[in-house]
Amino acid sequence: MPPDVDLIPCLADNYAVLLHDPASGATLLVDAPEEAPIAAALDRRGWTLTHILITHHHGDHVGGLKALKARSGATVIGPAAEASRIDGLDRTVADGDRFDAGPWPVQVIATPGHTLGHVAYHLPTAGVAFTGDTLFSLGCGRVFEGTLEAMWGSLDRLRALPQETVVYCGHEYTASNARFALSVDPANEALRARAAEVEALRAAGRPTLPTTIAAELAANPFLRADDPALAAVVGLPPGDPAAVFAALRRRKDAA
Ligand SMILES: [Zn+2]
């Protein structure tokens with residue numbers, strides 16, 4: 001049975017996600033930007049946290065962690081490489097680790113670039129992945145700590161997940177990502193359709209997430225760095241997607 005999901009807007013443009021399994025009562029939170037809206041969602045649903053998964057150490061992903069852990073006694077899991085920068089981890093994980101969170105097996109994918117120790121979580125039986133600030137809808141995270149090449153490697157691994165995987169990202173950046181994406185890939189019909197959908201969703205005050213790997217493969221220029229058309233846009237020959245990715249990311253940083 002698919003889990004119940006609650007996508008919770010936090011702070012200015014962050015998201016936290018709750019997954020709940022009615023049979024066991026297991027309730028998993030991915031990232032903890034702030035306590036109040038997450039606690040309100042838990043109270044409204046009548047759920048009690050059992051697991052908290054953290055993608056990376058930035059304050060807008062862990063600001064509510066201490067309080068939410070204290071309220072629930074949930075087990076907190078996060079990247080070993082950032083353990084010294086995240087207070088309250090009960091268990092650390094690294095690339096390739098598998099563990100169970102309630103009824104869901106979880107696979108850990110190291111996705112360095114935005115931060116050095118950033119991880120994504122893939123729950124194959126639930127059909128979902130949590131990509132934090134690595135993959136966004138129509139975009140990707142800024143590269144603060146790692147190299148552009150490492151970030152491309154991280155995105156390349158995420159795009160290899162099953163295409164039907166439902167993807168939750170750390171921020172509602174899709175509308176601004178769509179503007180940049182259209183500037184480099186204006187003839188892409190899937191992108192144009194997605195951009196129109198995003199505009200309508202935001203006008204209605206609704207989230208643009210989740211997305212899917214298939215939708216991002218079709219429309220997200222940062223996942224399409226091996227497309228010769230995008231290589232041409234940044235003035236590079238085809239065949240070096242890492243270089244095309246780096247040029248696209250630099251261009252967006254300067255936009
Ligand atoms: Zn971040």
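Donors are N, O and S atoms within 2.8 Å of the metal (3.2 Å for Na, K and Ca); water is not among the atoms, so sites may look incomplete. The model is predicted: local features need pLDDT of at least 70, side-chain atom pairs count only at pLDDT 80 or more, and totals for chains, interfaces and linings use all residues. Residues are numbered from 1 along each chain as its sequence is written, and side-chain values use heavy atoms, with hydrogens and water left out.

**View 1. The zinc site.** His 56 (NE2), His 58 (ND1), His 114 (NE2) and Asp 133 (OD) coordinate the zinc ion at 2.2 to 2.3 Å. The spacing of these donor residues in sequence is H-x1-H-x55-H-x18-D. Distant parts of the chain are linked here: His 56 lies in the loop between β4 (51-53) and α2 (59-62), and Asp 133, 77 residues apart from it, in the loop between β10 (128-130) and β11 (135-136). Helices (H or I, at least four residues) and strands (E, at least two) are DSSP runs, numbered from the N terminus. Both His 56 and Asp 133 are buried (under 20% relative accessible area; exposed is over 50%, partly exposed in between; 1.4 Å probe, protein chains only). Angles among the four donor atoms run from 89 to 171 degrees, and the site is irregular. Irregular means anything other than tetrahedral (four donors, all angles between 85 and 135 degrees), or square planar (four) and octahedral (six), with opposite donors over 155 degrees apart and all others between 65 and 115.

View 2. Strands β1 (residues 4-10) and β2 (residues 14-20) run antiparallel, joined by seven bridges. Two strands pair if DSSP finds at least two bridges between them. Cys 10 stands opposite Asn 14 in β2. Three residues separate the strands, and Leu 11 has a positive phi near 50 degrees.

**View 3. The β7–β8 hairpin.** β7 is antiparallel to β8 (residues 104-110), with four bridges between them. Ala 101 has Trp 104 as its bridge partner in β8. The hairpin has two residues between its strands, and Gly 102 in the turn shows a positive phi of about 60 degrees. On β7 (residues 98-101), Phe 99 and Ala 101 form the covered face, Arg 98 and Asp 100 the uncovered one.

View 4. Tyr 173 sits in the loop between β13 (166-168) and α5. Its relative accessible area is 28%, so Tyr 173 is partly exposed.
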